Amino acid sequence: MSTSPMQVSEARRFQQLRGHLSYLKLNDAAEALNRVLDQARTERMSLTAALERLLEIEVEATEARKLAARERFACLPEPWTLADFDFAAQPGVDEKLIRDLATLRFLDDASNVLFVGPPGVGKTMLSVALGRAAVDAGHRVYFTTAAELAAKCHKAALEGRWKTCMRFFAGPKLLIIDELGYLPLPEDGASALFQVINQRYLKSSTILTTNVGIADWADAFGDATVAAAMLDRLLHRAAVAGIDGPSYRLRGHQNQADAMRKGVNARVS
């Protein structure tokens with residue numbers, strides 16, 4: 001059975017089209033080409049609609065890869081979102097303020113957010129939820145603890161990489177520094193933290209969680225001058241969320257224990 005010149009031409013055109021897509025590194029569109037052409041034939045799609053569908057597949061795949069890369073870079077410790085936070089269980093949280101922060105308007109102003117309160121009240125969960133929202137919105141986010149940040153800066157200074165380290169911490173649109181005050185910082189830790197805050201001042205936003213009241217920073221960090229300078233930059237444009245309610249974490253553990261106990265009782269009865 002012979003093949004008509006038109007069929008040969010169409011086959012060649014199909015291969016050339018796949019080649020063009022691959023050359024332009026539109027690999028997902030190239031992989032989907034057969035499927036889209038079949039769909040276009042079955043559904044009698046217009047040429048414009050078929051092209052739009054093909055490019056939509058490539059755009060969606062590209063966005064998914066970018067999102068995955070932002071997630072890896074962010075190093076968020078948990079997949080928490082704001083929907084996971086039970087405001088009713090933590091009356092110490094200003095829900096209206098948190099909802100406003102979740103719009104991410106504070107990133108546009110390079111404003112900061114300070115969550116202040118005792119351990120277990122939900123500071124880390126809220127900071128991670130805001131970080132997750134920023135990642136989903138297309139921003140570069142990085143999560144670290146204060147102790148980890150101080151250790152990285154100390155190591156960079158010893159290895160002659162101080163400027164590189166400062167550029168790294170200055171880069172993200174949102175830097176989350178967790179657990180400030182939980183562990184004593186090394187001798188140069190407070191200075192390193194100040195340098196990072198200073199690098200980001202009026203350029204990018206920082207979320208900081210701490211169990212140390214603002215009035216006690218000088219004593220906690222052992223250097224009143226550095227503490228005052230740090231607070232000056234952090235609070236210039238900032239939302240401060242003081243959380244003084246019951247332990248959110250302990251209540252969650254208690255709820256789980258109660259649920260397990262009810263399950264056991266139900267099986268016994």
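**Helix packing and the parallel sheet**

In this predicted model, helix α9 (residues 189-200) and helix α11 (residues 224-236) have axes that come within 10 Å and cross at roughly 25°. Angles under 35 degrees count as roughly parallel, and α9 and α11 are therefore roughly parallel to each other. Their crossing is left-handed. On the α9 side the contact is made by A190, S191, L193, F194, I197 and N198; α11 contributes V226, A229, M230, R233 and L234. By class, the residues of this contact are eight nonpolar, two polar and one charged.

Helix α9 also packs against helix α8 (residues 162-170), and here the axes come within 9 Å and cross at roughly 55°. That angle makes α8 oblique to α9. The crossing of α8 and α9 is right-handed, whereas that of α9 and α11 is left-handed. From α8, the residues W162, M166, F169 and A170 meet A192, Q195, V196, Q199 and R200 of α9. This contact divides into six nonpolar residues, two polar and one charged.

These helices belong to a protein with 12 helices and five strands. An open sheet of five strands has the order β2-β3-β4-β1-β5, and the pairing is parallel. At the edges lie β2 (141-145) and β5 (238-242), each of which pairs on one side only. From one strand to the next, the twist averages 10°.

Strand β3 (residues 174-180) is mostly covered, with six of its seven residues buried. β3 pairs with β4 in the parallel sense, again over five bridges, and L174 stands opposite S205 in β4. Continuing across the sheet, β4 (residues 205-210) is joined by four bridges to β1 (residues 112-116), and the two strands run parallel. In that pairing, L114 has L208 of β4 as its bridge partner.

Where does T206 sit, and what does T206 touch? T206 is placed in strand β4. Is T206 buried or exposed? Its relative accessible area is 2%; buried means under 20%, so T206 counts as buried. Leaving aside residues up to four places away in sequence, T206 touches S111, N112, V113, L174, L175, I177, I197 and R200.

Two totals describe the protein as a whole. Of its 269 residues, 36% count as buried. Among contacts between residues at least 6 apart in sequence, 78% join residues at least 24 apart.

Notes. Residues numbered from 1 in each chain as written. Predicted model: local features only at pLDDT ≥ 70, side-chain atom pairs only at ≥ 80, totals over all residues. Heavy atoms only, no water. Pairing = 2+ DSSP bridges. Axes fitted to C-alpha atoms, helices over the stretch in contact; angles between N-to-C directions. Parallel < 35°, antiparallel > 145°, perpendicular 65-115°, else oblique. Left-handed = near helix turned anticlockwise from the far one by under 90°. Contact = heavy atoms within 4.5 Å. Nonpolar A, V, L, I, M, F, W, Y, C, P; charged D, E, K, R; others polar. Buried < 20%, exposed > 50% of the residue type's maximum accessible area, 1.4 Å probe, protein only.
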